[in-house]
Amino acid sequence: MENSSIMENSVGGVGNIGGVGSVGKKGTKKTSTFKFILAGIILGLVLKFFVIDILHVSGSSMEPTIKDGGLVAVNKLCYGLVEPFGDKLLFKWNKVKQGDVIIYLYDNSLVVKRCAGTEDTPLEYSSGSEYNLIVGDKTYPLTPAQFSVMQEIRAVPKGMVLAIGDNAEVSIDSRNYGFVSEENVLGRVFSK
């Protein structure tokens with residue numbers, strides 16, 4: 001016999017005649033390939049929506065850390081389980097840390113900034129010839145409008161983070177639109 005998958009029936013004849021057995025084998029191979037490809041697509045989508053994402057950065061607000069046009073890898077599981085197609089965490093298991101480069105949704109766009117302060121981080125201000133926000137040992141410039149809005153706030157509110165771009169001179173960030181809720185932080189950049 002040429003094909004080892006062909007079996008003899010109980011009468012002593014051949015169970016599959018005319019190569020029917022080989023067609024079934026090819027069909028099984030196609031089904032296996034389809035299942036493998038489908039499993040790969042599903043795994044890729046699960047990874048993209050819940051675990052890791054690669055994002056293109058546009059703008060200079062995070063220079064020199066992240067260049068305009070650069071790619072970043074984002075760990076979406078570091079703070080909790082992200083709601084698919086959403087802007088918040090379904091479940092939270094970790095807090096944002098000062099210094100983390102974070103991703104969050106603002107004005108229907110994903111934004112990348114550095115966490116300059118977490119809840120209860122003291123905020124100080126200077127208003128000599130220039131307006132500045134002082135967080136620990138870092139000083140960030142403020143416009144007169146930003147200063148007038150922020151000057152009464154003495155600490156980052158509970159459940160919020162202060163997000164500021166590394167290129168603070170040009171960055172539009174928490175100094176402009178306020179603090180970011182920890183629930184809206186969708187991930188942390190781990191590779192630039």
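The questions and answers below concern a predicted model of a protein.

Q: Which elements have the lowest and the highest mean pLDDT?
A: Helix α1 (residues 20-51) has the lowest mean, 76, whereas strand β10 (residues 160-164) has the highest, 98; the protein as a whole averages 85, with 86% of the residues scoring at least 70.

Q: Why are β1 and β11 said to stand at the edges of the sheet?
A: The open sheet has 7 strands in the order β1-β2-β12-β5-β6-β10-β11, with antiparallel pairing. Strands β1 (52-56) and β11 (180-181) each have a single partner strand, so one side of each is left without a neighbour in the sheet.

Q: What makes β2 and β12 a pair?
A: Pairing requires at least two bridges between two strands, and 3 bridges join β2 (residues 71-75) to β12 (residues 185-191), so these antiparallel strands meet the criterion. Within this pairing, A73 stands opposite S191 in β12.

Q: What share of the protein is called buried, and by which cut-off?
A: A residue is called buried under 20% relative accessible area, and buried residues make up 32% of the 192 residues in the protein. The protein exposes about 11700 Å², of which carbon and sulfur atoms supply 58%.

How values were computed
Residues are numbered from 1 along each chain as its sequence is written. This is a predicted model: local features need pLDDT of at least 70, side-chain atom pairs count only at pLDDT 80 or more; totals for chains, interfaces and linings use all residues. Side-chain values use heavy atoms; hydrogens and water are left out. pLDDT is the predictor's confidence in each residue, from 0 to 100. Helices (H or I, at least four residues) and strands (E, at least two) are DSSP runs, numbered from the N terminus. Buried means under 20% relative accessible area, exposed over 50%, partly exposed in between (1.4 Å probe, protein chains only). Accessible areas come from the Shrake-Rupley method with a 1.4 Å probe; for residues, only the protein chains shown count as cover.
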